Amino acid sequence: MRPRHVPLASQSVSIHCMKDLTKYRNIGIFAHVDAGKTTTTERILKLTGKIHKMGEVHDGAATTDFMEQEQERGITIQSAATTCFWKDYQFNIIDTPGHVDFTIEVYRSLKVLDGGVGVFCASGGVEPQSETNWRYATDSHVSRIIYVNKMDRIGADYYRVIDQVQNILGSKPLVMVLPIGVENSFVGVVDLLTRKSYIWDETGLPDNFTVGDVPADMVDKVEEFRALLVETAIEQDDDVMEKYLDGEQPDIDTLKRCIRTGTIAMAFFPTYCGSSFKNKGVQNILDAVVDYLPCPTEVRPQPEVDLEGHPTGEYAYVDVTKPFRALAFKIMDDKFGALTFTRIYSGVLKKGTTVLNTFTGKTERVGRMVEMHANDRTEIDVAQAGDIIAIVGMKNVQTGHTLCDVDHPATLEPMVFPEPVISIAVAPKDRANAEKLGIAISKMVKEDPSFHVETDDETNELILKGMGELHLDIKIDILKRTHKVEVNVGAPQVAYRETITKAVKDSYTHKKQSGGSGQFAKIEYTIEPLEPGSGFVFESAVVGGNIPKEYIPAVEKGFRTSIFKGPLAGYPCLDFKVTLTDGGFHAVDSSSIAFEIAAKAAYRQTMQKAAPHILEPIMKIDVFTPEAQVGDVIGDLNRRRGMIKSQDTVFHGVRVKAEAPLSSMFGYIGDLRTMTSGRGQFSMEFLQYSPCPRNIAEEVIAAAKAREEALRK
């Protein structure tokens, strides 16, 4: 019996009681590790009256860092959502992690946001993770403003960061303020639009500032940068530009309108500076979010796709009068039950409504909805297009699933997540922990799409797969502390792959006769290597009916299910094509099963002949080191089979960019800290799979054979 539901399209919600979407700002705060994202969020919450006492990241007391692991390590691990108000505008804010192992959190947050604040450290500048996050934001069509934080830090240089945004990120910063003083003498900013100075006193209170004229020694610089601002802004409006060329200066409202147009189009990025920790300059960011970042109706509508993931040409426009469309972008499990973080794109959602999950084809009733403030929540009865909310108790919804009106089904463009590159084996310490482990793992996999778990059929070990050592380290920590599961942990393992390097033409006949009906299938085929990144491709070139059409999908299935076990060491096989060219069948003895078995046997027979190779994951490495130790760091990377790509002198040291195999990078952070007396830092992300050197490949194959031998015994 179909569940009774309230048709969403016909809900009697009068439009005049709806919120004004032009007063909405869905924004994310993202940056490199330690640029001050979470501290900036704390200051925003204090200024908007959402919290009354600010917590500090270094004390483990920040509002949005509510996991034990976040508080201890002083880093953000999962994105946190909160809602606050500034000058009658509603901000839905997501504070995202900076560490490369958790970029999945940044990616899925950007997917549902309309605008962002990119935070950069005034002394560190554009760092490796800044580049990755910036690229994600650009791919997701998210308009941004730039905030150069930590202007009070030694080595702070606002103008250097502006150059880096241009040269490293390839983006155009639109300078909106100039700093008054630098490092210890940083006291405030000059607003270029109004030509007014904002100077904070030493009390550290955000509201204790005075507005005055431009300092005398900055007048020329202010005029120079203001002229540049005006010329850049008016390019967005031909009429304004024409008047300007005729000598008419645009007023501030006109300039703001032009800046808003250019920001939403990502033609440039309004750039501010301040010190969040010292409460200087954060109000400018809030005003800029209101003035320049888009409301939900001003952004690109969300594309809709069919069940195979192909674009339909339809779009979900942000509109309360349209049928309900929403994207589940994050699952979080806590003491109150499963929370499904959801961005509503169109329509209205009421408590008690039944919605359709187009991925599963099943309906679910929305029992409770809450507005999030980090790990606190406020119950709500109705939500609308533009809202970011959490739904409590959804049973079969996962990250990337579309929720929609039962009578108007549609699927929104899904999220694509990277494959894990590192794995560890875990085993429960006893039977009591074994039961808890299964429940805990299923919850953790739902929460994090970049965290994969599988069972080794031969050893019965549980294999956890993730994006890096820190990622898996945190997962083990969560297992032990949050879920109270005691496990034994194996050494990290590299996710090797296999491929072939030679084309082979071959045939295989499967024949079995043992009383009753037999089995017969004959296939002729070519297996050939493809370009890296192509995956597995199957094609049928059979003509003349030598293999009936109904058996060809069985041949493809046989090959496709075999690729997960390569011929050398049993790792998945990548980047090759199978072309079915001919074959034969028997009118009585042939069947789909016979052709599937033939394809599986053909795979095992022919892959050995196609000159198979072991592939290893290569990582993109970005290391910061003090100048005195740069030789040691480069020498160490060379010993790890690293290839140095560039060296750049930055404040306090050198940034070395390199590529190195993952297998040689285990434990690198400890060695780097030893070499640099604790001052070195690095980030690492997956780049590509490349062929292993022969000696390494031999070790990998030998280890795989030893495992098999041990299992046989």
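1. Aromatic cluster. Phe120, Trp134 and Phe269 form one aromatic cluster. Bear in mind that this is a predicted model.

2. Aromatic pairs overall. The whole structure holds 14 aromatic pairs. One of them joins Trp200 and Phe209. Trp200 is buried, at 4% relative accessibility. Phe209 is partly exposed, with a relative accessible area of 29%.

3. A stacked pair. Tyr551 and Phe595 have ring centres 5.0 Å apart, with planes at 20°, so this pair is stacked. Where do Tyr551 and Phe595 lie? Tyr551 sits in the loop between strand S33 (536-540) and helix H12 (552-562). Phe595 belongs to helix H13 (residues 592-607). The pair therefore ties together parts that are 44 residues apart in sequence. Tyr551 is buried, with a relative accessible area of 13%. Phe595 also counts as buried, at 0% relative accessibility.

4. Negative surface patch. Which residues form the negative surface patch? Asp238, Asp239, Glu242, Asp246, Glu248, Asp251 and Asp253 do. Helix H7 (residues 238-245) supplies the largest share, 3 residues.

5. Asp239 within the patch. Asp239 is a member of the negative patch and is placed in helix H7. Is Asp239 buried or exposed? Its relative accessible area is 55%. Exposed means over 50%, so Asp239 counts as exposed.

Conventions: Residues are numbered from 1 along each chain as its sequence is written. This is a predicted model: local features need pLDDT of at least 70, side-chain atom pairs count only at pLDDT 80 or more; totals for chains, interfaces and linings use all residues. Side-chain values use heavy atoms; hydrogens and water are left out. Patches are made of residues with over 30% relative accessible area and no salt bridge: like charges are joined within 9 Å, nonpolar side chains (Val, Leu, Ile, Met, Phe, Trp, Tyr) within 5 Å. Accessible areas come from the Shrake-Rupley method with a 1.4 Å probe; for residues, only the protein chains shown count as cover. A salt bridge is a side-chain nitrogen of Lys or Arg within 4 Å of a carboxyl oxygen of Asp or Glu. Lys and Arg count as positive and Asp and Glu as negative; His and the chain ends are not counted. The place of a charge is taken as NZ of Lys, CZ of Arg, CG of Asp or CD of Glu. Helices (H or I, at least four residues) and strands (E, at least two) are DSSP runs, numbered from the N terminus. Buried means under 20% relative accessible area, exposed over 50%, partly exposed in between (1.4 Å probe, protein chains only). Rings of Phe, Tyr and Trp (its six-membered ring) pair if their centres lie within 6.5 Å; planes under 30 degrees apart count as stacked, over 60 as edge-to-face and the rest as tilted.
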